[in-house]
Amino acid sequence: MAGTERNRARPARARPTMDDVAAVAGVSRGTVSRWLNGGHNVSGPAADAVERAIRKTGYVVNQHARSLVTQRSDSVAFILSEPQDRLFEDPNFNALLRGCTQALAERDITLLLTIAGTSEDRKRVGRYVTAGHVDGALLVSTHAGSPLIDELKRRGLPFVVCGKPLGHERDVSYVAADDRDGARQMVSYLRSRGHRTIATITGPLDTPGGVERLAGYHDVLGDTDPRLVVTGDYTRAGGEAAMEQLLRQAPDLDAVFVSSDLMAAGAIAALHRAGRRVPQDVAVGGFDDSEVATASLPPLTTIRQPLGRISAEMVRLLLGHLAGDSHAAVILPTELVVRGSA
């Protein structure tokens, strides 16, 4: 009982302060503060002493107080302009999210995931990210006419878009795979294999991938029979429905270029149900080289877009904006990957 009374009476140990760090390091409090806020005007020996003192004292930075001084939150928003279920269905979004998170973590910056799948969501997210909660934003899967880009520009929040921002190619920073050339590679390959009635399932035509990949298809084949072109929505179910429509409209097709691996997997399922063999009766080419491509039966011939490099470049451009750099665009090459479906 007496021991319990003594434990109750023992005062809690106070959290280490900047003054404690300064005393242990043998420097002024101002030197510690400058080191914590970027190390400006702090000599090498003093910086080493502060680092050792922080480890010895167990000092933890008060991020709230620090943000009041620096006017920085050390966080960035990852804004996905799709319904929430798409995040879990489409492996591309997870790959981009993972890559951006890792690239920012190396700089001690937190990534906040926000979903803006509806017009109301986009308004809410726009208000949130421009209210000082984040230092910048990474926009993924933006659609033409989305108010988010105009809102972020008006509010002056630094941001970078994944894919060409339709209508804003000259005044917004973006990182994109060369969608058009990737489509040209795939359609040229299908034609080189002897296929002559080549259809396509596009992505949504208010997205850069939908527009650019359809343009690449036409670059190789010119003006095709309109019955050979059906618009999809980048989902597996959408790929199935689009393939069924193509089979009704153009039953003699012998190949199909599908603008995403996920839709291509749905297209293969529809072909199998219709009694068409892949690739013997109908060759199928996808786009992405996601994990869906290797899990498909047969494995997908597809176009690889470098999602890891896209993530890293998006973060690099955003950090450049935060440092005062002007707008920039990066377009990365794609690569044909041949497997069993074509």
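Mentor: A residue is called buried when its relative accessible area is under 20%. The model discussed here is predicted.

Trainee: Which residues of β8 are buried, and on which side does each lie?

Mentor: In general, the side chains of a regular strand alternate between the two faces of the sheet. In β8, A255 and F257 are buried on one side, and V256 and V258 are buried on the other, which leaves both faces covered. F257 has a relative accessible area of 0%.

Trainee: Which strands run parallel to β8, and over how many bridges?

Mentor: β8 is joined to strand β6 (residues 198–202) by four bridges, and the two run parallel. Within that pairing, A199 stands opposite V256. Three bridges link β8 to β9, again in the parallel sense, with A283 as the bridge partner of A255.

Trainee: What lies between β8 and β9 in their β-α-β unit, and what is its handedness?

Mentor: Handedness is read with the strands pointing away from the viewer: a clockwise path from the first strand over the helix to the second is right-handed. Helix α13 (residues 261–273) is the helix of this unit, and the unit is right-handed.

Trainee: How many aromatic pairs are there, and how are the planes arranged?

Mentor: The count is one aromatic pair. F257 and F287 form it, 6.5 Å centre to centre with 50° between the planes, a tilted arrangement. Because F257 belongs to strand β8 (residues 255–258) and F287 to the loop between β9 (283–285) and α14 (291–295), the pair ties together parts that are 30 residues apart in sequence. F287 is buried, at 0% relative accessibility.

Trainee: Which charged end sits over the ring of F287?

Mentor: That of R213, which lies 3.8 Å from the ring centre.

Trainee: In what order do the strands of the open sheet come, and why is one side of β2 and of β11 left without a neighbour?

Mentor: The order is β2-β1-β3-β4-β5-β11, six strands with parallel pairing. β2 (110–115) and β11 (329–332) are at the edges and have a single partner strand each, so one side of each has no neighbour in the sheet. From one strand to the next, the twist averages 15°. Helix α8 (residues 119–129) packs on this sheet, where it touches β1 and β2, and its direction makes about 155° with that of β2.

Trainee: How many bridges join β1 to β3, and how many join β3 to β4?

Mentor: Five bridges join β1 (residues 75–80) to β3 (residues 136–140), and I79 stands opposite L139 there. Four bridges join β3 to β4, where L139 stands opposite V161. Helix α9 (residues 147–155) forms a right-handed β-α-β unit with β3 and β4.

Trainee: Which residues of β4 are buried on each side?

Mentor: F159 and V161 are buried on one side of β4 (residues 159–162), with V160 and C162 buried on the other. β4 also pairs with β5 (residues 174–177) in the parallel sense over two bridges, and C162 stands opposite V175.

Trainee: Where is E335 placed, and with which residues is E335 in contact beyond its neighbours within four places in sequence?

Mentor: E335 is in strand β12 (residues 335–337) and is partly exposed, with a relative accessible area of 42%. Beyond those neighbours, E335 is in contact with Q185, T302, I303 and R304. Sequence separation and spatial distance should be read together: E335 and Q305 are 30 residues apart in sequence, and their C-alpha atoms are 6.9 Å apart in space.

Methods:
Residues numbered from 1 in each chain as written. Predicted model: local features only at pLDDT ≥ 70, side-chain atom pairs only at ≥ 80, totals over all residues. Heavy atoms only, no water. Pairing = 2+ DSSP bridges. Axes fitted to C-alpha atoms, helices over the stretch in contact; angles between N-to-C directions. Contact = heavy atoms within 4.5 Å. Buried < 20%, exposed > 50% of the residue type's maximum accessible area, 1.4 Å probe, protein only. Phe/Tyr/Trp six-rings, centres within 6.5 Å; stacked < 30°, edge-to-face > 60°. Lys NZ or Arg CZ within 6 Å of the ring centre and 35° of its normal.
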